[in-house]
Every structure is written in C-alpha cells, then in structure tokens.
Amino acid sequence: MTNPFLQEFTTQKKSIPFSDIRNDDYLPAIQFYIQKAEEKIKSIIDSTDVPTFDNTILAFENLEPRLNDVVATLMNLNHANTSKELQQVVMEASPLLTNFKNNLLFNEKLYHRVSSLYKNNEKSSLNAVQKRLVEKQFKAFIRNGIHLSTEKQKKLREIDLRLAQLSVQFGKNVLADTQKFQWHITDYTLLDGLPDHILEVAALKAKNQQKIGWILTLDQPTYLAIQKFCHHRDTRKKMALGYRQLGFQKNEQNNVPNILQLIKLRKQRASILGYDSFAQYVLEERMANSLEKVSEFLDELFNKTYRHGLNEWQQLCDFAKKKFGIENIQKWDVAYVSEALKKHFFDIDDSTLKSFFPLEQVILGLFQIANKLYNLQFNKTDSYQSYHQEVRIYEVVDSNDNFKALLYLDLYPREGKRAGAWMTNYKEQSQFQRPHVSLVCNFPKPTSKNPSLLSFMDVRTLFHEFGHALHSILSEVSYRSLGGTNVLWDFVELPSQIMENWCYQAPALKLFARHYQTNEEIPSEYIEKIKKLHNFQSGLQTLRQLGLGHLDLSFHNKGADDITDIKKHESTVLKATQFSPDVPSTCLSTSFAHIFQGGYAAGYYGYQWAAVLEADAFECFLSEGIFNPSIARKFKDYILSKGDSEHPMALFKKFKGREPELAALIHRMGFEYN
C-alpha cells in the first residue's frame, strides 16, 4: 500500500483519509517532510536576494503544510483514538519534531533574514497583520534562545527533547490507569440511586465480559453519575479514590517522577533564557503580561469570593448533617450532597433536567443558535472518511452556501480516548485553507431504552467546546499561525466561555430543550431555576478554579526547584481554597493534564481571566438581545474572525469600547462588588 501522506489527498476538501492511514505511515511521512522543509529553508537562507516579506516571512510561514497534516492527525488521534502502537509512534515522532523545531529556530542565517525585516517593521509598508506575523516570527527565535552560546543551545535542545517525552508519557500513564480500573459488582444495593441509563451501560460492560451484574469504569459519564446520585457512600468513595489516584499509584504509571522532572526542566529552560521562572517566561506573551499581575488578579478574585465560598461550604455541611447524618463531608460526598441541596433549594436536579436535554436535540439547538448569530448552517454528510464509526461529520456553510469548515463530532467515551472534552483542528484556517475542526467529548452513550441524555453540565461543556470551534470556523486571517485559536492563551477561552451563556437564556433554551419522551417544551419555571442555578455554589466553584490556578503557578515559579514532595506541596497550596479534608492516598496533580500534557502550564489562571472578559462582553448581548444581529456581527468581526491578527486587548476594546472590568463577573455571580 502507498503512504497516503506522501501524495496529494484526493478526498473532498483534501480532508484526512483516515481509513487509508496505517500506524507505520506516520514516521516515514514526518521524516520525508522534515527533509523537504529543511531543503526549503536552505533555499531561503542561500538566496542572495534582499530579504522581503514574501521570500522570507511568508516562505517560512508556508514551509511545509503537508507536515502539519501528518502531525495534527497523529497527535489528535493519540488523544481521541489511541492504541499502544500509536503511542509508540508518538514517542518516536516527538524527538524528531522537537529537533526539527530547534533546527529552525537556532538557524542564525534564517534569523538574520527575519531580524532584518523586524528592525524595519514599524517603518515598512506592510499592513498591520503582516507586521504582526513578522513580530511573531522574530520573537519565536528570541524566545527559543537564538542569542545563546552553542553550549547553552545544546542544553536547550536536550531539555526540549526530554520535556516532549515526559509530556507524552504523562498522558500515556493517566490513560493506562484509567483503562485499568474496573469494578465488578453483583450486589445492586451498592448502585442504589444511579440513573437507569448508567446501570444499563454498566450491565452491558459486564455482559460483554461474560459476567453477571455490572462493571463500573472511570469513564466520565459513569464516574460523575456515581458521585452525584449513588446513595451508597462506600461506592462513591471507592470510585472517587480510583479517579483521584490516577497517576499516583505504586505502579509503572506513577506520574510523580515525571512531574518533578517537568517542573525542574521547565525552570532550567527559563533560567538559561534569562528568566527567573518558567511562569515569567510564559506570561511575557500573555494578556496579563507578568506573574505579578496574574497574582494580583487571582488575589483580588479570591478576596471578592472567599467569604461567599465559605458560607456556601457551611451551608453544605449543615445540610449534609441534617439530611444524611454526615458529620464530616469528604471529597466523595461533595457532589452528592450538592446535588441534593440543589434539589432542596430549587426543587430540581440533574436527573429531572436531563429529560429535556437529549443529545441530538441539543446539537440541533446549538446549530440553530449558531445560525441565528452567525448565519451558519451545518449539513451532516457521509462523504468524508472518519477515524471511528461513532464520529459524525458536518459541512459548515454560510448563508450564501460558501464552505466555511468541516466539523467532526466525537461525542462518546471509549477505550483509547482520554477523558474530558476538547476542540482541536486537523487543518487550520489560512488564505489557502478552510479549517477542519473536531469536537471531542465524553457524553453518555444512548442505550437500548433511552437516547443519550445530557446533564446541564454536559450541555454547558458542549456549548463551551463549540465556542472554541466557532473561533476556528469563523476565522478570516490570511496566515495560519495567526488564525483561529492561535491567540494568546489567556484570551483563547473568551469565545468558548461566552458561548456557555446561551445555555441559561430562555429564547435559546426554547429552541431545543424538549422532553425526550413527550416533546414537551421545557417549562418556564425550569428555565428560571436554571438561571438561578448559574450562581449555585459560584463561590465554591470559583475558589476551586483559583486553587488550580495557584497550584499551576506554584509549579512554575521561582521555587519550582525546591519542590520534592508533589503530594505535600499540592496539599499546602490547595489548603486555602478547598474545605473538604485532604486524602493522603490521592493526588490531583498526577492527572492534571492541562498543565503537564496540554498547553496550560503557567496559564491555567486563563480560565478565570477569560471569565472576566466574557462576563463583560456578554453584557452587550444581554442589553441588546441575545440574538441581536448587530452585536453578533460585531463579536464575529472583532473577536471570532480576527484570530491573533491584532493584540487581544485591542480587539476587546473595539468590541466593548473599553478594557474589561472584574465587576461584571462578580455581579453575575450574584455578589456585590465593593
């Protein structure tokens, strides 16, 4: 068989020919395109022509698009549909790609050509977007150490190779521990309170293994349902311990050594580049700009919300004692008691709301909302290859039937798929290419009795990830590295988090929230309760996020070298923002993929930073109407379509007319800003 990566894709829209790809196609293709790219680099630096935007910057930007196809496919499938064989390919490919990147950014001749253009950037006749691309390329060389001695560059290469390997291994370990956990149950009383569809899935897992009873796993729908609804406290405890011990067991998958190496190597890398900490290095290229500003932001938000969070915790404790006789709430009690308290206050809970949120209707409603806001249409198609039979594919077009994007929806948990939800690209938007976008989630599978029913949190998750997708789908930037979600990381969550707001608005909910059996429209009284639920335990939720933000920064500040005990360090940092007793046998950090596998190292605070942006921005929709066409057009024109073609603060000010204010977030939580 021929290697599909080594020839032009003949598929529609040059989509990824998943069915034709074998695991042993990746490495030869990566090696081939790296060689082609290096040949192109040689032609750029050997040119005697005066450096110009076209012959240097643009040539560098469009170096080898086919390599992007190979790498995006490999890395995305490693998260969504992996195997031991594919994981091994990733381990072998990572050093090749890291070396290739460093070969580019340590190339002095290429740097001098880029630098000569950067020095004249402000005076040049280039447009603003071209100037931003010049600046971005120049900074890439500087921030990678082009000015360092050969010896220090060599050390950076060694560190980068090791960091890439450790990051891949971290995710591999979490997935292995997740897949290893199985609990075979034959006593139904241990499952009392679980929804029927969760029981049906668990029974099917047992049947597939030729066993009687039920098998519980750590897939998200099962785990979350047990924590929220299972009346048997020991069942909740065993599942919670299993989940919280991912990467923290006495086995080959223990991630503690990986974390210790990661944080020390990141600190060492930053130090070689002249920074006090990895956080200082990272934050230099963020909206926040400095560790001091981030710390001030987190402290201010903590001061505004701590008292409310403490009151909410005391309320939870009082209710737990009165309702369930629980004297001391443990981590496996929090979600269960909170769900009961929610029902006590609002006479509604997730099990009631789920009936109005069958997945298929939510998806259709989401598409209707996107149509009302941005004139997009989503046409399901079987004309493209997929990497798994559960993945559905849509062609996205505008009101004039212009193709805008290809959208893959991968919605259910399975073996070989990491937990959580995320948006990614197989192809990124540029002047030559419309994006191919993928949404990957872990929602409950439909059963023989019921369709997939979403909790309200699931609905929010889907809207959140769809907001990321819109950022790519509506991108209209000439250059790939500036398009779509390629923005500063504390800005990237604005499009996703603002999209969650439509989940709480009656005109949006009435588009899709209908009972899966009777087709009854969600009652207005439920919508009012959903709005009130928006602020339910908002203090506690904010404190949890602040705790994670502080934990992230603590791993990447000046003191990273002093950390020797991950569990002890984590417990110390989180003590101020969590009220349930610590469990010595568990560790959150060892499965904290956002910062040790993803791109959020020294950037997890960005979720709360973006919460300020979106709360402030959504006020425009609230005041003018959530489907107001002029506000939607403005948001698309100034935020969604611009990518990183302008600084995000400039874009926000164009949309809002001023810089963001924390007061908007505090008021939305239902607290007074003073």
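**Exercise 1: Accessibility and backbone angles**

Task: Determine whether Gln210 is buried or exposed in this predicted model.

Solution. The relative accessible area of Gln210 is 79%. Exposed means over 50%, so Gln210 is exposed. As to its location, Gln210 belongs to the loop between α8 (196-208) and β2 (214-216). Its phi is near 60°, a positive value in a residue other than glycine. Most residues other than glycine have a negative phi.

Solution. Asp347 is found in the loop between α14 (331-346) and α15 (350-354). Phi of Asp347 is positive, near 55°.

**Exercise 2: The sheet and its helices**

Task: State the order of the strands in the five-stranded open sheet, and identify which strands form its edges.

Solution. The order is β3-β4-β5-β7-β6, with mixed pairing. The edge strands, each of which pairs on one side only, are β3 (377-381) and β6 (422-427). On average, neighbouring strands are turned by 30° against each other, direction ignored.

Task: Describe how β6 pairs with β7 (residues 436-440), and which helices pack on the sheet.

Solution. β6 and β7 are antiparallel, with five bridges. Lys427 stands opposite His436 in β7. Helix α3 (residues 65-80) packs on the sheet and touches β5 (403-410), β6 and β7; its direction makes about 150° with that of β6. Helix α16 (residues 359-374) also packs on the sheet, where it touches β3, β4 (392-397) and β5; its direction makes about 15° with that of β4.

Note on methods. Residues numbered from 1 in each chain as written. Predicted model: local features only at pLDDT ≥ 70, side-chain atom pairs only at ≥ 80, totals over all residues. Heavy atoms only, no water. Helix = DSSP H or I, 4+ residues; strand = E, 2+ residues; numbered from the N terminus. Buried < 20%, exposed > 50% of the residue type's maximum accessible area, 1.4 Å probe, protein only. Pairing = 2+ DSSP bridges. Axes fitted to C-alpha atoms, helices over the stretch in contact; angles between N-to-C directions. Contact = heavy atoms within 4.5 Å.
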